[in-house]
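Hi,

Here is the structure I promised to pass on. Have a look at it first, and then read my notes below.

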Amino acid sequence: MSKRAIFPGSFDPIHNGHIDIARRAADIFDELIVCIYATPQKNLLFSFEERMEMAQRVFEDIPNITVEGYTGLTVDYARKIGAKVMVRGLRVFSDFDYEFRMALANKKLAPDIETVSLITTHQYTFVSSSTVKEVASLGGDVTGMVPTFVRDALMKKYLPA
Ligand code: ADP
């Protein structure tokens, strides 16, 4: 049976740390679905459509990665599409606390679904969507943190009016 996994998140915007985790997960599992949460309880910079478009563009050349949007409980979405594994990324110890609690909560909600956490590649330890947005908003260079077209989209958002 083919092993299908999901990689859920807000991806506001997608960055090189996310891309690294997704590529590595796609080497482990037969199919990886990058699941973009439509309505997170966060202040978003990019719309759902923009976040979807950027992620689709990033992964268009990788045949076993697809991008989908979802709302509601992540475990419900995983079940709906027949995924038994949820991939998450870990950067620093402070991620661990949150991810540990989420994994336990999800296990309680859906004992049939496993969380698999991959440790970041060292050069992406400091990369997060919020850091990328903060640097870009202050006119800093985010090259190396995000693909070029995401950098351009960020620059456009923060262009002085
Ligand atoms: P969420 O809104 O669920 O926190 P994000 O879009 O911020 O989602 O991130 C999605 C996943 O990618 C999370 O598991 C997060 O820990 C992981 N992640 C984010 N940045 C990195 C990074 N630099 N290295 C590895 N994993 C990361």
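Let's start with a loop: P13 has its place between β1 and α1, and F11 lies in that loop between β1 and α1 too. (Helices, H or I with at least four residues, and strands, E with at least two, are DSSP runs numbered from the N terminus.) D12 and P13 are joined by a cis peptide bond, with omega at about 0 degrees. F11 is not a glycine, yet its phi is positive, near 50 degrees.

Before you go on, a word on the model: it is predicted, so local features need pLDDT of at least 70 and side-chain atom pairs count only at pLDDT 80 or more, while totals for chains, interfaces and linings use all residues. Residues are numbered from 1 along each chain as its sequence is written, and side-chain values use heavy atoms, with hydrogens and water left out.

Now the ligand. How many residues surround the ligand? There are 17, and the closest are S10, K42, G89, T120 and V127; a residue counts as near if one of its heavy atoms lies within 4 Å. β1 (4-9), α1 (16-28) and β4 (85-90) each give at least two residues to this shell.

- S10: a polar side-chain atom is 2.5 Å from a ligand oxygen.
- R88: a side-chain N or O atom is 3.1 Å from an oxygen atom of the ligand.
- Y124: a backbone N or O atom is 2.8 Å from a ligand nitrogen.

The ligand taken alone exposes 550 Å², and the protein buries 90% of that (areas come from the Shrake-Rupley method with a 1.4 Å probe).

Last, the rings. The structure holds 4 aromatic pairs, meaning Phe, Tyr or Trp rings (for Trp, the six-membered one) with centres within 6.5 Å; planes under 30 degrees apart are stacked, over 60 edge-to-face, and the rest tilted. Y37 and Y70 have ring centres 5.1 Å apart and planes at 50 degrees, so this pair is tilted. The two sit 33 residues apart, Y37 in β2 (residues 31-37) and Y70 in β3 (residues 65-70).

Cheers

Note on methods: A polar contact is a pair of N or O atoms within 3.5 Å; within protein, one must be able to donate a hydrogen and the other to accept it, and residues adjacent in sequence count only if both atoms are side-chain atoms.
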